[in-house]
Amino acid sequence: MKYISSLRMKAIDTNCSYLGLSPLQLMENAGAAIAQSVKEKLGSGKVLFVAGRGNNGGDAFVAARHLAGIPGYIVRVILLGKDRDIGTEEAYHNYSLLKFSRVQTLEIRDSGQLAVSELFSEADLLVDAIFGTGVKGNIKEPESTAIDLINNEGKAGKIIIAVDVPSGLDPDRGNFEKAVYADLTVTFHRMKAGLLDEQAKEYTGTIKVAEIGVCADAEHYTGPGDLQMLKKRKLEAHKGNAGRILVIGGGPYSGAPALAALAALRAGADLVTVAVPESVAGIVASYSPDLIVRKLFSSVLCPEDLSILPDLINSHDVVVMGMGLGRATETLETVRKLLPFCRKAVLDADALAALSGTLFETLAGNCEIIVTPHAGEFARLRDMETPDSPETREKAVREFAAEKGVVTLLKGKVDIISDGKQTLLNRTGNPGMTVGGTGDVLAGITGSLFSRNPAFLAAACAAYINGAAGDLAFEKAGNALLATDVIGKISEIIKEAGIG
Ligand SMILES: NC(=O)C1=CN([C@@H]2O[C@H](COP(=O)(O)OP(=O)(O)OC[C@H]3O[C@@H](n4cnc5c(N)ncnc54)[C@H](O)[C@@H]3O)[C@@H](O)[C@H]2O)[C@H](O)CC1
Ligand SMILES: [K+]
């Protein structure tokens, strides 16, 4: 069964909002689904909603409004706190509407007041909306008492419906300190992993997955929500904690490795070292004082460099390799020899020319790889034309990623990112980005994110950030935009997503 983590669900929520589907609309659908389930369980009578101060409570306020309009129901809501304690705008909005909806509300001060309330014993059906996916740590008061009181009524034979998850149950792991015993759990959009836990079964009752109108693209295309899944920088971070990146590139060209390195820095890496052949080391160093340049031996990457690069690789978290290396036989041979020293590598441009199917197999398990080919490079990697139609292209990327065990980011008008199991599409970016260097920028961002995040998430978010930064640059420069303009906008995208 396909299930979803609470973090991913939050990301999808944010992506919906980015696409124009507001959290309020999702809440309205969630509440309507709860009201529908109440109607199916109870034809008429007294319904008590026990609501916490988060969006789980918000769903209950919507459901209460929907039910109160139907003859035969007496609808009451207990809010575990005061209205000013309600944590989200959407929940507050829906709570405010209850005044106009023939719903009796009670705001409770503390667990003592809760324990003497007769609303519990008077109800025919109780709806548990104390916590959903936002529960954290040990359960405090008055929530703890509220769970006990709901369970007392459940023991007395009343119907209990849980909103999204039985309150107290960890939606991802299923473990808990105490939780509501429900007859029915109405969970939204997708099954939550925690509900499938063996121990959890006793608490969930029947599980119903309710559609709440999530846009399909919020899940299949990258968005700002995906960025929220990236690790946040810790306030007490030390130098190097946010990633040490080694860029290996250059020789015939000097700009490409510098672009990748500067992009990695802008995407949050702490330290970026650029290892380039001696012939271009001075030029690369002259581009920016932010770059640490390590001089290699010759005018192209060559076997002699194997005397210094393994140590350098070892002192960095991620290697980003390929930009501007050229395709001299000795260079490609050196790339192949370096890979077994890498733990995490982003391979782009000329490094892709060094790869063969068997090489992937020898590396399996030792080195996590992200490849970032364009259509031509992807065709060479597979020894097969890259398909034109979106569906076949997506399938080709998914199959390649699964077969070779590498995260694949196929660049194009719509980028395709897959690890063989999960696939995401990215449509940020614009025609101005066909200018040289934007691929190097993407490789740099990918390396930076990969140092602290899983490969698939890093690649998907890098594609989004690169394109979104390009879109900002396009506003000013139009089709005349340069790769350096894109680098200049990375920080705005990262800051806006709150991950910088
Ligand atoms: N797309 C969707 O899935 C939608 C989900 N909706 C509903 O929203 C909740 C998640 O809402 P959130 O506000 O993030 O969190 P909760 O309501 O679950 O809880 C937050 C609330 O609880 C307090 N709290 C947390 N832990 C504890 C504790 N241990 N003891 C006491 N109090 C605690 C916290 O301070 C907050 O006040 C999801 O489950 C769905 O029901 C949307 O409405 C529709 C879209
Ligand atoms: K709940």
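The legends below describe an overview and several close-up views of a predicted model.

**Figure 1. Overview of the protein.** The protein contains 21 helices and 18 strands. Its C-alpha trace extends over about 85 × 45 × 45 Å along the principal axes. Of the 500 residues in the protein, 52% are buried. Contacts between residues at least 6 apart in sequence include 72% that join residues at least 24 apart.

**Figure 2. Helices α3 and α4 in contact.** Two packed helices are described by the angle between their axes and the distance between the axes. Helix α3 covers residues 55–68 and helix α4 covers residues 89–97. The two axes come within 8 Å and cross at roughly 30°. Angles under 35 degrees count as roughly parallel, and α3 and α4 are therefore roughly parallel to each other. Their crossing is left-handed. On the α3 side, the contact is made by N55, G57, G58, F61, V62 and R65. On the α4 side, E90, A91, N94, Y95 and L97 take part. By class, the residues of this contact comprise 5 nonpolar, 4 polar and 2 charged.

**Figure 3. Surroundings of ligand 1.** Ligand 1 is surrounded by 31 residues. The closest are G54, N55, N56, G132 and G134. Helices α1 (6–19), α2 (23–41) and α3 each supply at least two residues of the shell. The largest share, 5 residues, comes from α3. Sorted by class, the shell holds 14 polar, 10 nonpolar and 7 charged residues.

**Figure 4. The peptide bond between E141 and P142.** Most residues other than glycine have a negative phi, and most peptide bonds are trans. The bond that joins E141 and P142 is cis, with omega about 5°. P142 is found in a loop, with β5 (125–129) on one side and α7 (143–155) on the other.

**Figure 5. H189, a loop residue with positive phi.** The phi of H189 is near 70°, a positive value in a residue other than glycine. H189 is found in the loop that runs between β7 (184–188) and β8 (191–192). A residue is buried if 20 or more other C-beta atoms lie within 10 Å of its own. H189 has 21 C-beta neighbours inside 10 Å, so H189 counts as buried.

**Figure 6. A349, a loop residue with positive phi.** A349 is a residue other than glycine with a positive phi, here near 45°. The loop in which A349 is found lies between β14 (344–347) and α15 (350–353). Because A349 has 24 C-beta neighbours inside 10 Å, this residue counts as buried.

**Figure 7. L409 and its contacts.** L409 is placed in strand β16, which covers residues 407–410. There are 31 C-beta neighbours inside 10 Å of L409, and L409 therefore counts as buried. Leaving aside residues up to four places away in sequence, L409 touches I370, T372, D415, I417, T446, A459 and A463. The view also takes in N466, which is 57 residues from L409 along the chain. The C-alpha atoms of L409 and N466 are separated by 13 Å.

Notes:
Residues are numbered from 1 along each chain as its sequence is written. Chains are lettered from A and ligands numbered from 1 in the order in which they are written. This is a predicted model: local features need pLDDT of at least 70, side-chain atom pairs count only at pLDDT 80 or more; totals for chains, interfaces and linings use all residues. Helices (H or I, at least four residues) and strands (E, at least two) are DSSP runs, numbered from the N terminus. A residue is buried if 20 or more other C-beta atoms lie within 10 Å of its own, exposed if 12 or fewer, and partly exposed in between; C-beta atoms are placed from the backbone. Two residues are in contact if their C-beta atoms, placed from the backbone, lie within 7 Å. Axes are lines fitted to C-alpha atoms, for helices over the stretch in contact, and angles run from 0 to 180 degrees between N-to-C directions. Angles under 35 degrees count as roughly parallel, over 145 as roughly antiparallel, 65 to 115 as roughly perpendicular and the rest as oblique. A crossing is left-handed if the near helix is turned anticlockwise from the far one by less than a right angle, and right-handed if clockwise. Ala, Val, Leu, Ile, Met, Phe, Trp, Tyr, Cys and Pro count as nonpolar, Asp, Glu, Lys and Arg as charged, and the others, Gly among them, as polar. A residue is near a molecule or strand if its C-beta atom, placed from the backbone, lies within 6 Å of it.
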